[in-house]
Amino acid sequence: MKIKQPEQRLQSLWGQIDRQHNAQIAPGSRILDVGCGYGSLVHYLNTQGYQAQGVDLDPDSVEVAQRFFPDDPITLASAESLLPTQAGYFDAIVLKDAFHHLLGEHDALQIFGALYQLLQPQGRVVILDPNPMWLLKILRRIARHQDEEATPGQAQEVLATTGFTVKGYHYYEVCGLALSGGYVGLRLVPNWGWLNGSVASLNHGLSWMVARAGLGPTLCWRYLIYADKSS
Ligand SMILES: C[S@@+](CC[C@H](N)C(=O)[O-])C[C@H]1O[C@@H](n2cnc3c(N)ncnc32)[C@H](O)[C@@H]1O
């Protein structure tokens, strides 16, 4: 799907919610973001002192990412083309909202086999992906938004099959995504700085409470899975 005016989206509530999602991803020091899109996670990680780089197969996304974040290393490449010239180089590989594409449109087992090689022996892979719960399905149907889906179970299966050990998972995101509209949906709140900050704080607090109450699988819009190369 062609996204209109990603700059404006990132300067509204969605930008704050996107940063909350980025902050959920706890990686190592040398990080590869696979399917980095507009590069917000690569940029976030580099501003936090990590050495992050990103790849994406979509030329339009990479062009926007390079324009937004000219100092961050973001290149046009598919996950399939990542060669083991950098074998063992990365401490962490992150996939933010990209796993469902790899599972539905590509050979996920082949890709994760290659990602395994790129990680150092204690390396970690982090998947953050849309949780295909009831509300997401209903709203996608109403909005006629078609996208691939990947359940946490499918993610864990791909990880286990390619040699990773799943170390943990949690759920996040209760209302920020729906109210901000993300990159493609309707923004439901006016773009006022104080309001964006309040909604983002509410989202963070509610996400924590809902996850603590065990309601993440049914109410949260995102899941995160951490898996290590070592057992
Ligand atoms: C939903 S977007 C998420 C982008 C970004 N990670 C974010 O969170 O904003 C999924 C991205 O994965 C990329 N992608 C899908 N399959 C890929 C592949 N095999 N190799 C590299 N990138 C891929 C797409 O081009 C797209 O930019």
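Is Asp228 buried or exposed? I looked this up in a predicted model. Asp228 is buried, at 11% relative accessible area.

**Entry 1: Asp228 and its partner.** I checked what Asp228 pairs with. Its side chain meets that of Arg124 in a salt bridge, 2.7 Å from N to O. Asp228 sits in strand E7 and Arg124 in strand E5 (residues 119-130), so the link spans 104 residues of sequence. Arg124 is partly exposed, with 26% relative accessibility.

**Entry 2: Arg222.** I then turned to Arg222, in strand E7 (residues 222-228). Arg222 forms a salt bridge with Asp97, and the closest N and O atoms are 3.0 Å apart. Asp97 lies in the loop between strand E4 (90-96) and helix H5 (99-105). The two residues are 125 apart in the chain. Arg222 counts as buried at 6% relative accessibility, while Asp97 is partly exposed at 22%.

**Entry 3: Glu7 and Arg67.** Next I looked at Glu7. It makes a salt bridge with Arg67, with 3.0 Å between the closest N and O atoms. Glu7 belongs to helix H1 (residues 6-10) and Arg67 to helix H4 (residues 59-68), so the pair ties together parts 60 residues apart in sequence. Glu7 is partly exposed at 28%. Arg67 is partly exposed too, at 46% relative accessibility.

**Entry 4: Network and count.** I asked which residues share partners. Glu7, Glu63 and Arg67 are joined into one network by their salt bridges. Over the whole structure, I found seven salt bridges.

Terms used:
Residues numbered from 1 in each chain as written. Predicted model: local features only at pLDDT ≥ 70, side-chain atom pairs only at ≥ 80, totals over all residues. Heavy atoms only, no water. Salt bridge = Lys/Arg side-chain N within 4 Å of Asp/Glu carboxyl O. Helix = DSSP H or I, 4+ residues; strand = E, 2+ residues; numbered from the N terminus. Buried < 20%, exposed > 50% of the residue type's maximum accessible area, 1.4 Å probe, protein only.
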